[in-house]
Amino acid sequence: MAETHLVEDAQDILMCRCMKDRGMEWKTLPLVDARDTEPPNLRRYGADKVEALRYGYRPSPDPPSVVRRSRAWDEREALPAEVRRAAYGPSGKGGCLKATDRQLVGDTAPLDFHVFNQLTGTALETSRRAPQVRDALRRWHTCMAKAGFDYPDPYTAAGNKRWETSEPTSAERATVRADVACQKSTQLVKVWAAAETRVQHRLIRQNADRLHKAKARKDRWLAAARRVLKHKGRTNHQHHVSDQ
C-alpha cells in the first residue's frame with residue numbers, strides 16, 4: 001500500500017501541473033502517515049489476536065490520515081463534469097491522467113497486480129488443502145466445539161451473518177476469544193504459514209519470468225515516482241506526525 005501511495009502522490013504532482021495548464025485547479029490527496037499503513041495479510045489465516053479481542057471480527061477503524069485520503073478520493077467522484085473530462089477524458093483513462101502517466105513512465109505498461117493476486121490466491125487455497133493444514137483445522141474445529149462453537153474453519157466463524165451489527169455483540173466477542181485461543185493451542189497460523197510458504201516458493205520458481213517482468217515494471221514506476229517526489233521536495237512522501 002505504501003508503494004501505491006507513492007505512485008499516486010507523484011501522479012498528483014504532475015496532474016496539478018497539467019490541470020493548471022488547462023486553467024483548472026487540482027486538489028492533491030492528503031498524505032498517509034507511514035505508521036497508518038496496515039501490515040498486509042494481517043488476517044490472512046483468520047482473526048488477528050490484538051485486533052479481534054478489541055474489535056471482534058471486524059477490522060479496526062481506519063486511522064485519521066487514511067480516512068482523510070479516502071474522503072479525498074470520494075470527493076473526486078463528485079467533480080464537475082468539465083473538470084472530470086479534463087482530468088480523465090471521456091473514457092476515464094485519458095485527459096491529464098494519460099498525459100501524466102506518459103510523462104511519468106513513458107510507454108511503460110501500467111502496474112500489473114494480476115500476476116501477484118492470482119498467485120497469492122492460488123498459494124492460499126493450495127496450502128489450505130495441505131494435509132498438515134487440514135489436520136490443524138480439524139484440531140481447531142475440535143477445540144471450538146469443546147468451547148461450544150460449531151464452525152468448520154476460522155473464515156466461517158468470522159463471516160457469520162450474526163456479526164453484521166454496528167458494534168460487536170457479547171456472542172461475537174465470546175466466539176472470537178475462543179477462536180483466538182484455539183488458533184494458539186493448535187498452532188494453526190504457524191502450521192498454515194509454513195505450508196503456504198512452501199507453496200509460494202514453488203509458485204515463484206514456476207512463474208519466475210512473469211514475476212520478474214512484473215517486478216521490473218513496478219520498479220520503473222517506483223523509480224519515476226521517487227524522482228518526481230524528490231524534485232518536489234517530498235522524498236519522504238509519507239510524513240510522520242510528531243509524537244510531541
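Predicted model: local features only at pLDDT ≥ 70, side-chain atom pairs only at ≥ 80, totals over all residues.
Residues are numbered from 1 along each chain as its sequence is written, and side-chain values use heavy atoms, without hydrogens and water.

**Salt bridges**

Select Glu8 and Arg69. Their side chains form a salt bridge with an N to O distance of 2.8 Å; the term covers a side-chain nitrogen of Lys or Arg within 4 Å of a carboxyl oxygen of Asp or Glu. Glu8 belongs to helix H1 (residues 2–21) and Arg69 to helix H3, 61 residues apart, and the pair links distant parts of the chain. Helices here are DSSP runs of H or I with at least four residues, numbered from the N terminus. Glu8 has 17% relative accessibility and therefore counts as buried; Arg69, at 3%, also counts as buried. Buried means under 20% relative accessible area, exposed over 50%, and partly exposed in between, with a 1.4 Å probe and protein chains only.

Move to Glu196 and Arg44, whose side chains meet in a salt bridge of 2.6 Å, N to O. Glu196 is in helix H10 and Arg44 in the loop between H1 and H2, 152 residues apart. Glu196 counts as buried at 1% relative accessibility, and Arg44 counts as buried at 15%.

Next, pick Lys215 and Asp219 in helix H11 (residues 208–231), four residues apart, or about one turn of the helix. Their side chains meet in a salt bridge at 2.8 Å, N to O. Lys215 is partly exposed at 45% relative accessibility, and Asp219 is partly exposed with a relative accessible area of 31%. The structure holds twelve salt bridges.

**Aromatic rings**

The whole structure contains three aromatic pairs. Rings of Phe, Tyr and Trp (its six-membered ring) pair if their centres lie within 6.5 Å; planes under 30 degrees apart count as stacked, over 60 as edge-to-face and the rest as tilted. Select Tyr57 and Trp163: the ring centres are 6.3 Å apart and the planes at 20 degrees, so the pair is stacked. Tyr57 lies in the loop between helix H2 (49–55) and helix H3 (64–77), and Trp163 in the loop between helix H8 (154–158) and helix H9 (170–186), so the pair ties together parts that are 106 residues apart in sequence. Both Tyr57 and Trp163 are buried.

**Helix H9**

Show Asp179 in helix H9. At 0% relative accessibility, Asp179 counts as buried. Its side chain has a polar contact of 2.8 Å with that of Gln183; such a contact is a pair of N or O atoms within 3.5 Å, where within protein one must be able to donate a hydrogen and the other to accept it, and residues adjacent in sequence count only if both atoms are side-chain atoms.

**Nonpolar cores**

The largest nonpolar core has 22 residues, of which Val133, Trp140, Met144, Tyr151, Leu188 and Trp192 touch the most other members. A nonpolar core is a set of buried Ala, Val, Leu, Ile, Met, Phe, Trp, Tyr and Cys residues joined through side-chain atoms within 4.5 Å. Helix H7 (131–146), H9 and helix H10 (188–206) are the elements that give two or more residues to this core; H7 gives the most, with five residues. Apart from this core lies another, of 13 residues, among them Ile13, Leu14, Leu104 and Ala225.
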